[in-house]
Amino acid sequence: SNVAKYMHSLMAVELNQDVQTSSNYMFFACFNLKNVDLTQTGLTTIAFASFSYGLSIINLKFPTNLSVIGGQSCVYNSIDEIILPSTVTEINTSAFLSCYGLGKIHIVATIPPTLGNTVFSGLPSNFIIYVPVGYGDTYKSAEGWSTYADHILEEGQTPNRMMLAKFNSAKTDEPQDDMR
């Protein structure tokens, strides 16, 4: 259809405050979409698979009142850094699965959002989750977040040698390619 052709060639999306809801698969497989700016919207939920397979998405700005990040909403994106606003209370299963370039996740909420399974699976081995100053231990011990304790730092901290060594050893644990 013409709509599908248009969607596949879409390169940037900036939605305004009239947008209050997103639908499942809203921008699914928009392969050329690079920039998504939702900051001016009234969105409180990013629906299931909204931006999945947005292989070219490098810049994704979330709305300031965002509460729920839907399951598989950002699978296979090329984003390298995200900022999740203080209003986020829930990040559902596989939300950021296989975002191979996602190295920095900034979470502004002081109460750790409810976390689904495999939210950050398939990220680079050295990805960092930055949380508010004074809340590192809160996140490291929170249900679901404890899985990623080795990746959690407080905003402004930098990875120390021990942390970097863990990341490097994690790389060698991957199955080696025997195709010679």
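How exposed is Tyr-76, in terms of relative accessibility? Tyr-76 counts as partly exposed, at 29% relative accessibility; here buried means under 20% relative accessible area, exposed over 50%, and partly exposed in between, with a 1.4 Å probe and protein chains only. The views below come from a predicted model, in which local features need pLDDT of at least 70, side-chain atom pairs count only at pLDDT 80 or more, and totals for chains, interfaces and linings use all residues. Residues are numbered from 1 along each chain as its sequence is written, and side-chain values use heavy atoms, with hydrogens and water left out.

**View 1. Overview of the protein chain.** The chain holds three helices and eleven strands; helices (H or I, at least four residues) and strands (E, at least two) are DSSP runs numbered from the N terminus. Read from the N terminus, the order of elements is α-β-β-β-β-β-β-β-β-β-β-α-β-α. Of the 180 residues, 42% are buried. Contact means heavy atoms within 4.5 Å; among contacts between residues at least 6 apart in sequence, 38% join residues at least 24 apart. The chain exposes about 9700 Å², of which carbon and sulfur atoms supply 52%; accessible areas come from the Shrake-Rupley method with a 1.4 Å probe, and for residues only the protein chains shown count as cover.

**View 2. Two tyrosines with positive phi.** Tyr-76 is not a glycine, yet has a positive phi of about 55°. Tyr-76 is found in the loop between strand E5 (68-69) and strand E6 (81-84). Tyr-53, also not a glycine, has a positive phi of about 60°. The loop that holds Tyr-53 runs between strand E3 (45-46) and strand E4 (59-61). Tyr-53 is partly exposed, with a relative accessible area of 34%.

**View 3. The nonpolar patch around Tyr-53.** Phe-28, Phe-31, Tyr-53 and Leu-55 make a nonpolar surface patch of about 350 Å². Patches are made of residues with over 30% relative accessible area and no salt bridge, with like charges joined within 9 Å and nonpolar side chains (Val, Leu, Ile, Met, Phe, Trp, Tyr) within 5 Å. A salt bridge is a side-chain nitrogen of Lys or Arg within 4 Å of a carboxyl oxygen of Asp or Glu.

**View 4. Aromatic pairs across the chain.** A pair of aromatic rings is described by the distance of the centres and the angle of the planes. Rings of Phe, Tyr and Trp (its six-membered ring) pair if their centres lie within 6.5 Å; planes under 30 degrees apart count as stacked, over 60 as edge-to-face and the rest as tilted. Ten aromatic pairs are found in a search of the whole structure. One of them, Phe-28 with Tyr-53, is edge-to-face, at 5.6 Å centre to centre and 65° between the planes. This pair links distant parts of the chain, 25 residues apart: Phe-28 is in the loop between strand E1 (12-14) and strand E2 (35-37), and Tyr-53 in the loop between E3 and E4. Phe-28 is partly exposed, with a relative accessible area of 37%.

Phe-120 and Trp-145 form a tilted pair, at 6.0 Å centre to centre and 45° between the planes. Their pair also links distant parts of the chain, 25 residues apart: Phe-120 lies in the loop between strand E9 (114-115) and strand E10 (128-131), and Trp-145 in the loop between helix H2 (136-141) and strand E11 (152-154). Phe-120 is buried, with a relative accessible area of 2%, and Trp-145 counts as buried at 0% relative accessibility. Ring pairs link Phe-62, Phe-96, Phe-120, Phe-127, Tyr-139, Trp-145 and Tyr-148 into a cluster.

View 5. Two strands pair if DSSP finds at least two bridges between them. E10 pairs in the parallel sense over three bridges with strand E8 (residues 104-107), where Ile-105 has Ile-129 in E10 as its bridge partner. E10 and E11 also pair in the parallel sense over three bridges; the bridge partner of Val-131 in E11 is Glu-154.

**View 6. The four-stranded open sheet.** The open sheet has the order E3-E5-E7-E9, with parallel pairing. Its edge strands are E3 and E9, each pairing on one side only. Strand E7 (residues 90-91) and E9 pair in the parallel sense over two bridges, and Glu-90 stands opposite Thr-114 in E9.
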